[in-house]
Amino acid sequence: TPGTNVLQAHATDATGNLSLTASNRVIYVEMITLTDYYPLPLNAEWLYEGWDWDGNPAKQRCRVESTNASVVLYTGRTAPRSYTTNSVRKYAAYLNPDTLAPYDEWLDYFASGASFGFFGNDDDDEQMRADRGYLCPIQVAMGATVALTRDVYLNGVYAGVATLSLQFIEKTSVTVPAGTFPDVLRVRISFKTPDGTQVHDDWWARSVGCVKAQGISGDGVPERWELIEYSMPTSTASALLPLQVPEHREADRPCFLQFEGNPAGLPVAGGRVELRLSAPVGHTVVLESSEDLLHWTPVQTNIVTANGVSLSAPMNTHPAQFFRTRLQ
């Protein structure tokens, strides 16, 4: 289990005599991939119920509107500049609980891809930017605290330095109106600025995101949110669907590699897989096979005709096998 473990062992001889017991202490550190607990796919949406910053009952809707946003960093000390981050523009709004009409809206800019992070936000009267963003390591240890200090700009003017700290407290289970989530990461988030420090706890459920949050708002009012419902888009791609993957383009004439017939009927290991390539006529094409996407072995070489070219490759006994084509 995470933390200190004591391993003990003894030996028994043929007549049942026991040796002395030997023991050893082993420390196990559980590593966590943050994006497993805070996924941000395009069009993901969460609806929460709780209290707004003024202490009024409200609902909050969050939705991922973009996964490639350009964050503009203005500075009062140098010429304005901007940079493009691999980020998510997350729309959020407080809603009237009866009509669900938004009455306060803002945008949050989060990291997407391999790392979790925060770049800033926009609301009605203030724009906050963190230079280079608060980008966490891809993996963190349970119980660890990640603290990042960055220059911060408000409405284009340098406002000093601010520190964002995330303490990964525990793994637990949480029940909220949206359901019971057995694999939840409790995170204590602290944001320290020249104006003071705000602290709140988040509960992030694996593959879902934040299901619960509580703390003190910027106006000093207790704030608590619980997830009511959510929509988490997932990829519908499957190895059993007809495959047609663009591999090369020349003069707007694409090259396609596809399985012949129904991919659901692919041969078992030890058989052969039949593929067809359509590409610019006259090119020499080499079909290659790999088991690890690092080392590639030539399997077959053909010249592309007007009808394309059929390719045949043996299926090996390795658990995974990959194919690619090279045009010469």
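This is a predicted model: local features need pLDDT of at least 70, side-chain atom pairs count only at pLDDT 80 or more; totals for chains, interfaces and linings use all residues.
1. Let's start with the salt bridges. How many salt bridges does the structure hold? The count is twelve. As background, side chains of opposite charge can pair when their charged atoms come close.

2. Take a look at Lys171 and Asp183, whose side chains meet in a salt bridge with an N to O distance of 3.9 Å. This pair links distant parts of the chain, twelve residues apart: Lys171 belongs to strand 14 (residues 157-176), while Asp183 sits in strand 15 (residues 179-193). Lys171 counts as partly exposed, with 31% relative accessibility. Asp183 is partly exposed too, at 24%.

3. Another pair worth a visit is Arg224 and Glu226, which form a salt bridge whose closest N and O atoms are 2.8 Å apart. Are these two buried or partly exposed? Arg224 is partly exposed at 29% relative accessibility, whereas Glu226 is buried at 19%. The value for Glu226 counts as buried because the cut-off is under 20%.

4. Next come Arg324 and Glu288, with side chains that meet in a salt bridge at 2.6 Å, N to O.

5. Now turn to Asp122 in strand 10 (residues 117-122). Asp122 is buried, with a relative accessible area of 17%. Which side chain does Asp122 reach with a polar contact? The partner is the side chain of Arg129, at 2.9 Å. Leaving aside residues up to four places away in sequence, Asp122 touches Trp106, Leu107, Tyr109, Gln127 and Arg129.

6. Finally, have a look at Gly143. Where is Gly143 placed? You will find Gly143 in the loop between strand 12 (139-141) and strand 13 (145-154). Gly143 is partly exposed, with a relative accessible area of 47%. The C-alpha atoms of Gly143 and Glu170 are separated by 6.8 Å, although the two residues are 27 residues apart along the chain.

Key:
Residues are numbered from 1 along each chain as its sequence is written. Side-chain values use heavy atoms; hydrogens and water are left out. Helices (H or I, at least four residues) and strands (E, at least two) are DSSP runs, numbered from the N terminus. Buried means under 20% relative accessible area, exposed over 50%, partly exposed in between (1.4 Å probe, protein chains only). A polar contact is a pair of N or O atoms within 3.5 Å; within protein, one must be able to donate a hydrogen and the other to accept it, and residues adjacent in sequence count only if both atoms are side-chain atoms. Contact means heavy atoms within 4.5 Å. A salt bridge is a side-chain nitrogen of Lys or Arg within 4 Å of a carboxyl oxygen of Asp or Glu.
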